[in-house]
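Let's take a walk through this structure together, with salt bridges and a helix pair as our stops.

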Amino acid sequence: MTDIFSEVDQNVREERLAGLWVRWRPFVYGSVAVLIGSVAINEFLIKPQAEATRAARSAELEAAVKALEDGQYEEAEAAFKAIVAKESKLSPLAAHYLAQVQLEGRGDAAAAAETLAAIGGTQGGPYERLALLKTAYFRADTLTLPELEATLGTLVTEDTAMGALSRELVAAKAYATGDVARARTEYNRLKFDAAAPAGVVQRAEIALAAIPVAAEEPAPAVPTETPAVETPETGQ
């Protein structure tokens, strides 16, 4: 009897599964069709289109760089502006070239600084961070020391080459504004900065040799020899 009941239960389960399959089969087929269609669209439509777009943008950048190299500044400026306006991954790089055109072709340092400031930031990639450093260099003469430090933001605290260059700029600005003690302090730190490029370290050493020691900066102690005290002979 147990075998009979088991067989009946098995038949009931099979009939129930068959009924469920009949009921949900269209939805299963539809889901599979949507999945296959999505993959096909991505592989044969979206992906080739994205690759074509990237290739076209790369060609635009290459043509703009060629115009810059040939001294065709007006054409180069218009081309770089168009790439920057599209806000693609190439836009930050194009902005650096655009600033170069504005500086070399028109001698407009203010426009170059404005172009770089628009993309500069410590939270971005290397092009954005380099743009921030360049902006600070362009505007260093017109900013106070606190304003310069605010412009550089957290870049001055980074243990990177750009961080070292930022600290060098702060040191130069401190000296230019008469803060000799601050200048010497910053240059001394750069002298032993492991992240500083060799050129920065060399310039720091030259600056320290040229900048006089501030009154409040203690001079390095020079050890003196204590004369020996002769002990009189007692004859004992």
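Which residue forms a salt bridge with glutamate 158? The partner is arginine 129, with the closest N and O atoms 2.1 Å apart; a salt bridge here is a side-chain nitrogen of Lys or Arg within 4 Å of a carboxyl oxygen of Asp or Glu. The pair links distant parts of the chain, 29 residues apart: glutamate 158 sits in the loop between α6 (145–152) and α7 (161–176), and arginine 129 in helix α5 (residues 126–139). Both glutamate 158 and arginine 129 are buried (buried is under 20% relative accessible area, exposed over 50%, partly exposed in between, with a 1.4 Å probe and protein chains only).

Keep in mind that this is a predicted model, where local features need pLDDT of at least 70, side-chain atom pairs count only at pLDDT 80 or more, and totals for chains, interfaces and linings use all residues. Residues are numbered from 1 along each chain as its sequence is written, and side-chain values use heavy atoms, leaving out hydrogens and water.

Now turn to glutamate 77, which is buried at 11% relative accessible area. Arginine 106 forms a salt bridge with glutamate 77, the closest N and O atoms being 2.9 Å apart. This pair joins helix α3 to helix α2 across 29 residues (helices are DSSP runs of H or I, at least four residues, and strands are runs of E, at least two, numbered from the N terminus). Lysine 81 also bridges to glutamate 77, at 3.4 Å between the closest N and O atoms. Lysine 81 is partly exposed, at 44%. Glu77, Lys81, Arg106 and Asp108 are linked in a network of salt bridges.
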